[in-house]
Amino acid sequence: MRITFCSCWAVIAFLLPNFQASCQSPTNVKGWDLHIIDDSSSGADGVKLGDVNKDGRIDVVTGWEEGGLTKIYIRPESLQVHKQWPAVIVGKTPDVEDAVFADLNGDGQLDVISCSEGKSRRIYIHFALPTIGELGKNWDQEVLPVSNQLTQWMYAEPAHIRSRKKLDLVAASKGKDGQIGWFQVSKSPENLSDWQWHRISNAGWIMSIIIRDMDADGDQDIIVSDRKGNLSGCRWLENPGRQIKQKQPWNNHFIGAHGEEVMFMTMADLDGDGHEEAIVAERSRQNVRIFRNTDSKGKNWQERIIPIPSYVGTAKSVEVGDLDNDGIPDLVLSTNTYKDNVHGLVWVSGMDLRGDPPHYFQSISGIHPAKYDKVVLLDIDMDGDLDILTCEENYGPDSKGLGVCWYENKKN
């Protein structure tokens, strides 16, 4: 029997045999209104946020894997968000898997980091030049030398590994030489040849990197979801706190789903107790898995399982937010449909999660042949409710898919 962790939730056991048969269609079959931000290239792969032009509105950076580009999208005023957004190419980045904002050199302007897998196997640093214009048109792109051909880079996240005053870059990869580690940014960040790489763990296929202080000791630890290999599952790496030890392998602590194919994960307070749960989309058995930390050191976890019904695609990512403004966090799930007649983007109300299973997955996308990526919840049209920002790359080297897009929440 699975262990539950909140008195308001019903006891969850193993997947009931008749569960899939009892849920053959979602509520709200039509789905939400779709708006395209950009579908001009091929293989949109991930969205990350940052206010690059300092206008108070959150902008988006995306890598186009097959198109070999990294682009920034400048969020317009609310009356213009339903149209395609102004965009600028910050660099040509073959095999790009992910792009993220960070102010690497401390000049107050967001730079961009692009991670490339495939044959490129390198990390690109795009420094924003001092003459940056309204749309961020001026960028200096360089390959980070120590990253070149080292491994198939998947994701990177800025983090304060050494101290709160020094920004470093956590990165991870996939494949036979898969690894997790951090780049020690040099005293002169623009001098990329002086950056150092410190490998702290092996990896199979990293899907998520989340930075948190998991053991409440004042430094930043690293949470990952790893979908392949003998370290697959959700786990976190303990920052040893001393600079010499930080450059050596870190202690690994499993959160859960060890041995399962886990995809994107998130950290959020789903049950409203003031502490974050680890929540992951798990592909092996088609579940959303929720792990509650039962101590202050991140060593003990209790699990709850939400089975994904047959009318929904194959699990890809999960996110938490209050979509219906009832004060209770809801779950959003993105999936791959593999061109099947199923729903790729769905949500479950937090109120429904408090009842007995089966839970009712409401459609956001409708039925669409899609390969959705990680979702971000953001009030894009600034009307007081959370919309769904994502990207969809479809299938094959020349299939454009929906590109960078968002679904409009009309709960208000």
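Two strands pair if DSSP finds at least two bridges between them. The exercises below use a predicted model.

**Exercise 1. Strand β19 and its neighbours**

Task: Determine how β18 and β19 pair, and over how many bridges.

Solution. 
- Step 1. Count the bridges. β18 and β19 share five. The cut-off is at least two, so the strands pair.
- Step 2. Read the direction. β18 and β19 run in the antiparallel sense.
- Step 3. Val262 has Glu282 of β19 as its partner.

Task: Which strand do six bridges join to β19?

Solution. 
- Step 1. The partner is strand β20, residues 287-293, and the two run antiparallel.
- Step 2. Glu282 bridges to Asn287 in β20. Glu282 is also the bridge partner of Val262.
- Step 3. Look at the connection. β19 and β20 make a hairpin, with four residues between them. Gln286, in the turn, has a positive phi of about 60 degrees.

Task: Is β19 buried or exposed?

Solution. 
- Step 1. Recall the pattern. In a regular strand, side chains alternate between the two faces of the sheet.
- Step 2. Take one side of β19. Glu277, Ile279 and Ala281 are buried there.
- Step 3. Take the other side. Ala278, Val280 and Glu282 are buried as well. Both faces of β19 are therefore covered.
- Step 4. Conclude. Six of the six residues in β19 (277-282) are buried, so the strand is largely enclosed by the rest of the structure.

**Exercise 2. An aromatic cluster**

Task: Classify the ring pairs that Trp197 forms with Trp153 and with Phe183.

Solution. 
- Step 1. A pair of aromatic rings is described by the distance of the centres and the angle of the planes.
- Step 2. Search the whole structure. Five aromatic pairs turn up.
- Step 3. Trp153 is in β10 (152-163) and Trp197 in β13 (196-202), 44 residues apart.
- Step 4. Take Phe183 and Trp197. The centre distance is 4.5 Å and the angle 45 degrees, a tilted pair. Phe183 belongs to β12 (179-184) and Trp197 to β13, so this contact ties together parts 14 residues apart in sequence.
- Step 5. Trp153, Phe183 and Trp197 make up one aromatic cluster. Trp153 and Trp197 are buried, and so is Phe183.

**Exercise 3. Charges over a ring**

Task: Which charged end sits over the ring of Trp205, and which residue lies over its face?

Solution. 
- Step 1. The charged end of Lys174 sits over the Trp205 ring, 4.1 Å from the centre.
- Step 2. Arg227 lies over the face of Trp205, at 4.1 Å from the ring centre.

**Exercise 4. Pocket and cavity**

Task: Which residues lie closest to the centre of the largest pocket, and which strand gives the largest share of its lining?

Solution. 
- Step 1. Size it. The largest pocket holds about 550 Å³.
- Step 2. Find the centre. Of 24 lining residues, Lys48, Glu157, Ile209, Ile210 and Lys374 are closest.
- Step 3. Assign strands. β14 (206-212) is one of those supplying at least two residues. β14 gives the largest share, six residues.
- Step 4. Sort by class. The lining has 14 nonpolar, three polar and seven charged residues.

Task: What classes of residue line the second largest cavity?

Solution. 
- Step 1. The space is about 30 Å³.
- Step 2. The lining is Val288, Ile306, Leu331, Leu333, Val348 and Phe361.
- Step 3. That gives six nonpolar, no polar and no charged residues.

Conventions:
Residues numbered from 1 in each chain as written. Predicted model: local features only at pLDDT ≥ 70, side-chain atom pairs only at ≥ 80, totals over all residues. Heavy atoms only, no water. Phe/Tyr/Trp six-rings, centres within 6.5 Å; stacked < 30°, edge-to-face > 60°. Buried < 20%, exposed > 50% of the residue type's maximum accessible area, 1.4 Å probe, protein only. Lys NZ or Arg CZ within 6 Å of the ring centre and 35° of its normal. 1 Å grid on protein atoms, 1.4 Å probe; cavity = no way out; pocket = protein on both sides within 12 Å on 5 of 7 lines; lining within 4 Å. Points joined across faces, edges and corners; volume = space filled by probe spheres on them. Nonpolar A, V, L, I, M, F, W, Y, C, P; charged D, E, K, R; others polar.
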